[in-house]
Amino acid sequence: MALNGLLDIELSVPNPDELVAFWERRGMLQTADGVLGTADRDVQLRVADGTYRHMSELHMSCETDQDLADIAGRIAQMGVDSQILDTRLTCVDPVFGHRVVIDVTTPHPLTPTQARAWNHAGTQERLNARSDAVTEAHPRAPRRLGHVVLGTPHFEKATAFFFDGLGFKVSDQILNGVATFGRIESDHHNLLIQPAPTSYINHYALEMDDIDAIGKAGQSVLAERADANVVGVGRHHLGSNIFWYLTDPSGTMFEFFSDIDQIVDDEAWERDHCKRDWMGSDGPTPVSVWGPQEPETFLNPADLPAIGAAREALGLD
Ligand SMILES: [Fe+2]
């Protein structure tokens, strides 16, 4: 099946200690210097020193040595050199400039969520007791890194690299194929490539147990920085995930998400199963089924010109 997991990412930021401390306060664990993990996965976010905020490495897994050779062959045809050492392939993303590292392995499975008893209409599960969401002492911690969203003016080249080169599968496309949701796991998307004025990471997304875990963790961020809110809580159309977007201390948007679509049978998944016009011919396609309208900064954060200038200084367009 080739690629089979999003393992972790490295974020380079001007103040790494501040970012690490922020995620530790959300319940993530610093498992090594600058390395943040979750209860099930030791490495999810690696934080490094950088002159501007950007994703500096994308680390994924694949099933076999042959997968590495196949990927190397496909990206070579695109003019991208790679190195294979033992069971690891490394290369540099031809658009964004981050390192791409692929290991022959598989992500550590997650311990199942401790489900909260819920009183649905007609199906009462919690009797004579308050909700766990009310009584638990601390917000639940993130469970794992689920996806990243990258914006770039060179979206065609980026899409070709990820989908035709690395082997991501297309889950949905919108805007006449300009924005592409792709997966390497069963999640509806581990990646979205979308247009932007400069190449940057739009957001990284952490899976949470449920909507209460999202709400309580998001609330704890707002208690520290009231201006951290971007948009949420809501439910997306594509992926169906419940979301809340906020900014981390470096200014990068992140998403707390839950209940994302799972695609375990490629043939059973119909990209246009909703029979809805995802192209937005009758106006902009709404991001969410319900929830607040996303602000301009959702797609165009205020520091994009500064990121563009920083990249230009490094010879990246
Ligand atoms: Fe997302």
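Which residues does E207 touch, not counting residues up to four places away in sequence? They are L110, P142, R143, R144 and F257, where contact means heavy atoms within 4.5 Å. Before going on, a word on what you're looking at: this is a predicted model, in which local features need pLDDT of at least 70 and side-chain atom pairs count only at pLDDT 80 or more, while totals for chains, interfaces and linings use all residues. Residues are numbered from 1 along each chain as its sequence is written, and side-chain values use heavy atoms, with hydrogens and water left out.

Back to E207, which you'll find in strand 15 (residues 200–207). Strands (E, at least two residues) and helices (H or I, at least four) are DSSP runs, numbered from the N terminus. E207 counts as buried because its relative accessibility is 17%; buried means under 20% relative accessible area, exposed over 50%, and partly exposed in between, using a 1.4 Å probe and protein chains only. One of the residues it touches, R144, also makes a polar contact of 2.5 Å with E207, side chain to side chain. A polar contact is a pair of N or O atoms within 3.5 Å; within protein, one must be able to donate a hydrogen and the other to accept it, and residues adjacent in sequence count only if both atoms are side-chain atoms.

Eight strands make up an open sheet with mixed pairing, in the order 2-3-4-1-5-8-7-6. Two strands pair if DSSP finds at least two bridges between them. At the edges sit strand 2 (29–32) and strand 6 (82–85), each pairing on one side only. From one strand to the next, the twist averages 25°; axes here are lines fitted to C-alpha atoms, for helices over the stretch in contact, and angles run from 0 to 180 degrees between N-to-C directions. Helix 4 (residues 155–166) packs on this sheet and touches strand 1 (3–13), strand 5 (54–62), strand 7 and strand 8, its direction making about 20° with that of strand 8.

Zoom in on strand 7 (residues 88–92) and strand 8 (residues 99–104): they run antiparallel and are joined by 5 bridges. V92 stands opposite R99 of strand 8. Also in strand 8 is D103, which is buried because its relative accessible area is 12%. Leaving aside neighbours within four places in sequence, D103 is in contact with H59, M60, S61, C62, T87 and R88.

Finally, the rings. There are 12 aromatic pairs in the structure; rings of Phe, Tyr and Trp (its six-membered ring) pair if their centres lie within 6.5 Å, with planes under 30 degrees apart counted as stacked, over 60 as edge-to-face and the rest as tilted. Y245 and F298 pair edge-to-face, 4.9 Å centre to centre and with 80° between the planes. This pair links distant parts of the chain, 53 residues apart: Y245 is in strand 17 (residues 242–247), and F298 is in the loop between strand 19 (288–290) and helix 6 (304–313). Y245 is buried at 3% relative accessible area, and F298 is buried at 7%.

F254 and F256 are another edge-to-face pair, 5.0 Å centre to centre with 75° between the planes, and both are buried.
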